[in-house]
Amino acid sequence: MTIIDIIDYLGTFAFAISGIRLASAKQFDLFGAYVVGFITAIGGGTIRDSLLDQTPFWMQHPSYLIVTFIALLFVLTFSKYLVRLNNTFFLFDAIGLGLFVVVGIDTTLHVGFPFWVAIIMGLITGSVGGVLRDILINELPLLFRKDIYALACVMGGVVYYACHLLDLSSGFTQIAAAISVMLTRILAVKFHIGLPVLKGSDDESPSNL
Amino acid sequence: MTIIDIIDYLGTFAFAISGIRLASAKQFDLFGAYVVGFITAIGGGTIRDSLLDQTPFWMQHPSYLIVTFIALLFVLTFSKYLVRLNNTFFLFDAIGLGLFVVVGIDTTLHVGFPFWVAIIMGLITGSVGGVLRDILINELPLLFRKDIYALACVMGGVVYYACHLLDLSSGFTQIAAAISVMLTRILAVKFHIGLPVLKGSDDESPSNL
Amino acid sequence: MTIIDIIDYLGTFAFAISGIRLASAKQFDLFGAYVVGFITAIGGGTIRDSLLDQTPFWMQHPSYLIVTFIALLFVLTFSKYLVRLNNTFFLFDAIGLGLFVVVGIDTTLHVGFPFWVAIIMGLITGSVGGVLRDILINELPLLFRKDIYALACVMGGVVYYACHLLDLSSGFTQIAAAISVMLTRILAVKFHIGLPVLKGSDDESPSNL
């Protein structure tokens, strides 16, 4: 088991915990909460693999099922103490997000797509799981509204591309990109930095045609 | 037309009826209700085929479109009497669910994936249509919250796997798996058996970073 | 740049504007609104390409990203005047819809599927973007409930098929199909023509099993 595997499992664990907790708050049953946790953890990579016409990564190894199951046991056992662990989960989540984005970019470049597609796939890998989670629990997708989540994924893609243009080694590039995702995310939450919110009317109806 | 075809059409019919009725309750128009019925009926198999990189089954024969259309005519004609037929629809639904799960498992094993992937694909085939239906009508997915629906699909997969380990014939295995899905579902509804519901707070926000 | 490209960009622009405006009304941040606009514009074609096992069209050229970005700038700059432009957007949307439907049909026939699949793919290409938009902003899909949107796509498919049966040239067929989508849509909105709405109870629970 490499350091990458460990980060991957930590990220999966944190994403699954987030899905399980939000599903619990909506009175999902045990199995429903497990499914929402699993989809939160693997949803982004699955959509990426589907768009790239690859076999979804989680179908090749049961570890993601198992890590999600451990996350469920964890929530059941420590439900009273979870709120105190919010900072820990947030850190796992930020670290996992950095890794997921880099994996998404690497996979896409490897299949032969140009960089702008890879940056989008990094974004999809990091953020679609949380969007699917919010759709399943029937809430407005949080990450489009708060704390620079999606943009942190894009930031990682831009740093990846900059390192590539500067001909830096692929190991350095990956670490730099992952760390910039994490730092963007952590700084945004710490200092409550958000993007401007659009204010609009939803009156789209044509008149007097 | 084999007995399998008949069960397949009954299941499709029951799934489509369920989508059409719930869409009607939300004031969807005729065509919208038809689309929701169709997606309820074919959604699970479509996601399965997409994950397995197969051509979606309903694109190979128009029968699913036609059965859904008959379901729409049926709802229009007998709308007053539908509630009295709830038990009949429920039985069709349970029988169809058993078949859908077995078809999902068979297809996946045939493509060459291991058993644990096949069990997940059985679950996806049986349950994703209902989840998509609930997303389209903007409700919390019912099956994650009530009456052991998703778990009945998994139960079928476990029985399938047990029969396989015991080297039973494939015909017997398929029937045993389908019947265990149906019975699990029927017993859960008859005796109001549900999984424990998680109770959780949705306060995930990190503090004092 | 051909006339087809121009219509394609106009349609993409109108679809993106619609996504960005509805996301703004829900307090999405700038980036979230951009993403919703992009998904509204490319969602239908992406699901079509995925079902047909083709590389999603927008991954082959960055123009859809760029047109969506221009749409975002447009909404930001002219937010006060947007309501006055509703008729213009509606026309762009109807013209784009006609083109999207025809592109969906052509692509599907080209891959070798029969006509009834192509008509469904025309419907998917034209309407799924708006459905995904409404799911993301957590609203009931508008197009299943108002003003003959989905059925206009099917109408285009039927006209396409009729022209094909009459052995008309492919250029004429495409234009006739696109125009019938537009006219159906425009007439439905102008004269407030809608499909009948189903009225149903959502009481599906079986009793006295």
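This is a predicted model: local features need pLDDT of at least 70, side-chain atom pairs count only at pLDDT 80 or more; totals for chains, interfaces and linings use all residues.
Student: What distance does helix α6 (residues 150-165) of chain C reach from its first C-alpha to its last?
Tutor: Residues are numbered from 1 along each chain as its sequence is written, while chains are lettered from A and ligands numbered from 1 in the order in which they are written. Helices (H or I, at least four residues) and strands (E, at least two) are DSSP runs numbered from the N terminus, and the expected span of a helix is 1.5 Å times one less than its number of residues. For the 16 residues of α6(C) the expectation is 22 Å, and the computed reach, close to this, is 23 Å.

Student: Which elements do the buried residues of α6(C) pack against?
Tutor: A residue is buried if 20 or more other C-beta atoms (placed from the backbone) lie within 10 Å of its own, exposed if 12 or fewer, and partly exposed in between. The buried residues of α6(C) include Leu151(C), Cys153(C), Val154(C), Met155(C) and Tyr160(C). Contact requires the C-beta atoms of two residues, placed from the backbone, to lie within 7 Å. The packing partners of these buried residues come from two chains, namely α2 of chain B together with, from chain C, α4, α5 (115-136) and α7 (170-190).

Student: How far apart are the end C-alpha atoms of helix α4 (residues 86-111) of chain C?
Tutor: Just after α4(C), Gly112(C) takes a positive phi of about 110 degrees. Because α4(C) has 26 residues, at 1.5 Å a residue it should span 38 Å, and this agrees with the separation of its end C-alpha atoms, which is 37 Å.

Student: By what turn can chain B be laid on chain C?
Tutor: Copies are superposed by least squares on the C-alpha atoms of residues with pLDDT of at least 70 in both. The superposition of chain B on chain C has an RMSD of 0.0 Å, with a shift of 0.0 Å along the axis and a turn of 120 degrees. The two copies are therefore related as by a three-fold rotation axis, and they use different surfaces, since 10% of the contact residues of chain B recur in chain C. The turn itself is 120 degrees.

Student: Which helix gives the most to the side of chain B that touches chain C?
Tutor: The contact takes 30 residues from chain B and 29 residues from chain C. On the chain B side, α1 (3-25), α2 (30-51), α4 (86-111), α5 (115-136) and α7 (170-190) each supply at least two residues. By class that side divides into 17 nonpolar (Ala, Val, Leu, Ile, Met, Phe, Trp, Tyr, Cys and Pro), four charged (Asp, Glu, Lys and Arg) and nine polar residues (the others, Gly among them). With six residues, the helix that gives the most is α2(B).

Student: Which helix gives the most to the side of chain B that touches chain A?
Tutor: Here 29 residues of chain B are in contact with 30 residues of chain A, and α2, α5 and α6 (150-165) of chain B each supply at least two residues of the chain B side. That side has 16 nonpolar, seven polar and six charged residues. With three residues, the helix that gives the most is α5(B).

Student: What radius of gyration does chain A have?
Tutor: Chain A has seven helices and zero strands, and 56% of its 209 residues are buried. The radius is taken over C-alpha atoms, and the globule rule is 2.2 Å times the number of residues to the power 0.38. Because that rule puts a compact globule of 209 residues near 17 Å, it agrees with the value for chain A, which is 18 Å.

Student: Is Asp8(B) buried or exposed?
Tutor: Asp8(B) lies in helix α1 of chain B, and its C-alpha is 7.6 Å from that of Phe100(B), 92 residues apart in sequence. Because Asp8(B) has 20 C-beta neighbours inside 10 Å, it counts as buried.

Student: What ipTM does the predictor give the complex?
Tutor: Chain A averages a pLDDT of 90, and 95% of the residues score at least 70. For the complex, the predictor gives a pTM of 0.92 and an ipTM of 0.90.

Terms used. pLDDT is the predictor's confidence in each residue, from 0 to 100.
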